[in-house]
Amino acid sequence: MEQTLALPHGLLSWDDIGPKQATTVVVLLHGFPHDRAFWAAQVEAHGAMFPAIRFLIPDLPGFGRSTPLADTTMDGYADAVASMLDAAGVRQAVIGGLSMGGYVAFSVWRRHADRTRALLLMDTRADDDSAAVRDRRLASIGIVERDGIGPLVAGMLPTQLGATTRATLPAVVERVENMLRRAPAAGVIGATRAMLARADSRATLPSITVPTLVLVGDEDTLTPYSDAVVIASAIEGSRLVTIPDAGHLAPLEQPATVNAAIAEFLDLLADR
Ligand code: MLT
């Protein structure tokens, strides 16, 4: 069910799914330049795989139905997540994020560790941008300011989706292409600036003391297995799971495998 909250900068919108009295709440944060529809396969599987879990799935500010922040930063996104938890009456949640959503999850941990029950880090990285990535992001801001995201979409698909998905799952390719095309220019520009300015989170990793699951598609070329290893090897007790036949968007490319890994992690969490 859709919920909205009026924050000083504008509206924050999210889906609230599952029992209100659930003891385990999972926040799912989409990547760039996505919106909450990214998690459709997890929502579809809710009744079968996660009936006792409450999902809170926001459009990060500037995407979907959420207003962009005046000055977009990862910390600003993280504070919006904390405001959503307040509005939902949730003290602590498992913070799950894909790629840019993972960068936000690191900020949530730094700023709101007391709200973080566990972390679910999917197809993401801890380090900040290389010079080449910075240059590419700066060039992309110019293009989006002029023409919107349209001219960038075709070039993004090969790094968003794995080779297997591109060759065998045309409906998934079409869904992702549509999601990229509808990303609002203001949200895309704000998120790109926020990613350019984001902290190197490698120093944060050893401070993470909550249970952590790291997931990565084995065909992810944008944040490959080696990035997942950097994260998992620096967080004591974390678990690293590789998703076969998936690229950078593993939860959407291979939902059954990802959902099973998440469900297993949440079961273990409930026993702790
Ligand atoms: C994402 O999927 O969120 C982005 O590709 C992350 C990035 O560009 O660093």
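Me: How many cavities of 30 Å³ or more are there?
Reply: The count comes to 1 cavity of 30 Å³ or more. On a 1 Å grid over the protein atoms alone, a cavity is a set of points where a 1.4 Å probe fits but cannot get out, whereas a pocket is an open set with protein on both sides within 12 Å along at least five of seven lines; lining residues have an atom within 4 Å of a point. This is a predicted model: local features need pLDDT of at least 70, side-chain atom pairs count only at pLDDT 80 or more, and totals for chains, interfaces and linings use all residues. Residues are numbered from 1 along each chain as its sequence is written, and side-chain values use heavy atoms, with hydrogens and water left out.

Me: How much space lies in the largest cavity?
Reply: The largest cavity holds about 50 Å³ of space. A volume here is the space filled by probe spheres set on grid points, which are joined across faces, edges and corners.

Me: Which residues line it?
Reply: Among them are Met74, Tyr103, Phe106, Arg125 and Arg198. Helix α4 (residues 100-111) gives the largest share of this lining, 4 residues. Helices (H or I, at least four residues) and strands (E, at least two) are DSSP runs, numbered from the N terminus.

Me: And the largest pocket, what is its volume?
Reply: The largest pocket has a volume of about 570 Å³. Its lining includes residues from α4, α5 (131-147), α6 (150-160) and α9 (185-196), each of which gives two or more. The most come from α5, with 6 residues.

Me: Which residues lie nearest the pocket's centre?
Reply: Of the 31 lining residues, Phe32, Arg136, Arg137, Met156 and Leu222 lie nearest the centre of the largest pocket.

Me: Changing topic: where is Ser99, and is it buried or exposed?
Reply: Ser99 is in the loop between β5 (93-98) and α4. Ser99 is buried, with a relative accessible area of 9%; buried means under 20% relative accessible area, exposed over 50%, and partly exposed in between (1.4 Å probe, protein chains only). Its phi is near 55°, a positive value in a residue other than glycine.

Me: Which residues is Ser99 in contact with?
Reply: Leaving aside neighbours within four places in sequence, Ser99 is in contact with Met122, Asp123, Thr124, Thr223 and His248. Contact means heavy atoms within 4.5 Å.

Me: What about Asp227, where is it found?
Reply: Asp227 is found in helix α10 (residues 225-234) and is buried, at 10% relative accessible area. Beyond its neighbours within four places in sequence, Asp227 is in contact with Thr124, Arg125, Asp127 and Leu222. The C-alpha atoms of Asp227 and Ala126 are separated by 7.3 Å, although the two are 101 residues apart along the chain.

Me: Finally, the whole chain. How many helices and strands has it?
Reply: The chain has 12 helices and 8 strands. Of its 272 residues, 56% count as buried. Along its principal axes, the C-alpha trace spans about 50 × 45 × 35 Å.
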